[in-house]
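Subject: Structure handover

Hello,

Here is the structure you are taking over. My notes on what was found in it follow below.

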Amino acid sequence: MSVVAKYRQVFLTGIQTSLVYRWNFAIRATFSLLHLVYIFILWGAAYAGQSEIGGFPLAATLTYFVVLLILQFFLSAANDDYEISEEIRNGLINQFLTKPINYFAYRLSLYFSARLVTGVLSLVPFLCILPFIGPKLALPAGEHLALYAVAAPALLLSAFIQFTIAYCFGMLTFWFLEIQSFIILSLAVEAVLGGQIFPLDLMPPWLYQLSSWLPYYYQMYFPTALLTGRITDLSVALQGLAIQAGWAVALFALARLLWTRGLRRHTAVGG
Amino acid sequence: MSALLRHLRIWLASIRYSLVRAMMFRGDFLMWALVELFWMSVNVLLVGVIYDHTDSIAGWSKYEMLLLVGTTLLVQRLLMAFFWSNLFELGRNVRSGTFDFFLAQPGWPLFMVSTRKFDLDGLVNVPVALAIVVYSAHRLHLDPSAAQIAVYAGLVLCGLVLHYATLLAIISMVFWLQSAKGIEGGYFGLTEFSRLPREALRGIARVVFVYALPVVVVSNVPARLLIYGFEPGLLVWMLGVTVFWLAVAIAVFNAGLRRYASASS
């Protein structure tokens with residue numbers, strides 16, 4: 001079996017597994033609409049009496065949050081860290097050690113399949129409410145096309161970074177019995193520095209500059225900002241893409257290191 | 001009465017067991033306390049960032065808003081300490097069939113499900129949430145009377161019951177679904193509204209989140225008590241919705257319980 005065929009099969013199996021939980025994903029997506037209502041109310045009230053906050057009108061800020069939420073469903077490695085942790089703890093990774101399967105590629109295939117299912121399912125409730133929220137949103141004008149071209153690889157790299165960070169957290173199971181607290185702490189950091197709580201450009205400039213050197217910035221904020229016109233300078237976008245690629249390589253190297261070091265500590269038992 | 005005392009004794013025994021367990025895994029306990037502290041900081045940070053760019057949200061100043069957020073955090077820390085893990089695991093247990101063990105225990109199933117664990121890490125952050133409330137009150141030059149503080153404490157308790165009821169009703173959906181994975185997100189989605197001033201909600205949003213669901217009233221009534229003093233109508237409203245929603249949540253749980261057919265092989 002060729003390498004591509006092998007991981008395509010994993011991808012297809014992953015889609016079938018994810019579809020079993022289609023109602024849970026649909027419910028989760030519907031609940032996320034509540035978050036959107038909260039965002040609309042909070043920021044609508046904050047904008048009352050002023051046309052701009054941080055140089056952006058209300059429509060631009062609301063668009064930022066809508067796009068971010070949709071991207072979260074397509075990109076966020078929501079459960080991969082827990083699943084990897086479980087597979088290490090329960091010894092399920094043992095089967096990969098004796099077979100010609102790369103565990104990173106196997107998990108990455110599953111990540112892509114799960115994200116495809118959750119992403120597509122999340123679009124259903126969003127399309128239902130689009131007629132109502134559409135008039136309140138504003139995407140950048142036509143001259144923004146070059147930045148959309150940068151956004152395409154940025155989205156792929158963002159997915160890779162999301163997954164690799166989750167993978168690295170999963171690897172911690174080789175050293176720690178319980179990694180849930182690490183993951184939730186990382187989620188909190190990611191929520192702030194990834195721009196999920198507020199657009200990062202609303203922070204003081206020095207803090208914004210600092211955050212743009214961290215990997216969290218490239219998990220969600222960077223592609224969202226490119227798509228919604230919060231980053232308009234092409235040179236800034238290209239520089240961001242270069243830093244993002246650098247983080248992708250660095251995190252992949254870390255993931256490899258954790259896997260090889262972790263395996264040295266791992267003991268496979270059972271008959 | 002003896003049944004009530006027996007249940008109380010069971011709860012105390014569970015708390016004692018959880019405390020011993022927390023002290024056995026001190027590193028884990030500290031890590032979780034840090035996690036909760038960080039999430040609380042995220043909420044405070046949001047208020048700080050927004051008020052860097054505006055003076056008022058729906059007529060609420062920065063420290064009034066912080067008082068509101070602090071009150072929500074206080075209620076949520078109490079929920080995390082006493083009920084979160086228990087109800088979160090209910091979802092998993094129903095799916096795996098482990099829920100059978102709770103039915104076999106000598107007590108009211110809902111009580112046994114809700115009180116098995118106690119999370120000290122949630123409780124240690126209660127003083128932090130209280131500090132946010134006290135600091136905000138200080139910056140607002142509020143000087144609440146002893147009666148106001150006592151009623152505020154009672155309203156926070158009502159808030160805890162309302163959060164518990166919301167979470168219970170949502171998690172009980174697991175009796176009808178295949179898995180509870182992700183449905184706890186509904187709780188977080190709904191309770192986000194408790195960090196909003198009531199005045200910010202208009203039209204249908206006001207009807208749904210202020211009048212139909214108890215998610216705004218839960219924090220606004222206690223916060224308003226400290227800021228504006230006694231408003232008897234609001235106190236009656238808060239007490240009424242607390243009783244009503246607790247009854248609804250118990251009814252949903254009981255309906256689910258009748259549907260439960262175990263998952264053991």
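A:Glu87 is buried, with a relative accessible area of 13% (buried means under 20% relative accessible area, exposed over 50%, and partly exposed in between, with a 1.4 Å probe and protein chains only). A:Arg107 lies in helix α6 (residues 103–133) of chain A and A:Glu87 in helix α4 (residues 80–89) of chain A, so the pair ties together parts that are 20 residues apart in sequence. Helices here are DSSP runs (H or I, at least four residues), numbered from the N terminus. A:Glu83 joins A:Glu87 and A:Arg107 in a network of salt bridges.

Before the rest, two remarks on conventions. This is a predicted model, in which local features need pLDDT of at least 70 and side-chain atom pairs count only at pLDDT 80 or more, while totals for chains, interfaces and linings use all residues. Residues are numbered from 1 along each chain as its sequence is written, chains are lettered from A and ligands numbered from 1 in the order in which they are written, and side-chain values use heavy atoms, with hydrogens and water left out.

Over all chains the count comes to ten salt bridges. Another of them is in chain B, where the side chains of B:Glu199 and B:Arg224 meet at 2.8 Å, N to O. B:Glu199 lies in the loop between α9 and α10 of chain B and B:Arg224 in helix α11 (residues 217–228), so this pair ties together parts 25 residues apart in sequence. B:Arg224 is buried at 11%, whereas B:Glu199 counts as partly exposed at 25%.

What about the interface? Across the interface of chain B and chain A, zero salt bridges are found. On the side of chain B that touches chain A, the elements giving two or more residues are α2 (26–51), α3 (62–96), α9 (185–191) and α10 (203–212) of chain B. The largest share, twelve residues, comes from α2(B). In total, 39 residues of chain B are in contact with 35 residues of chain A (contact means heavy atoms within 4.5 Å).

Regards

How values were computed: A salt bridge is a side-chain nitrogen of Lys or Arg within 4 Å of a carboxyl oxygen of Asp or Glu.
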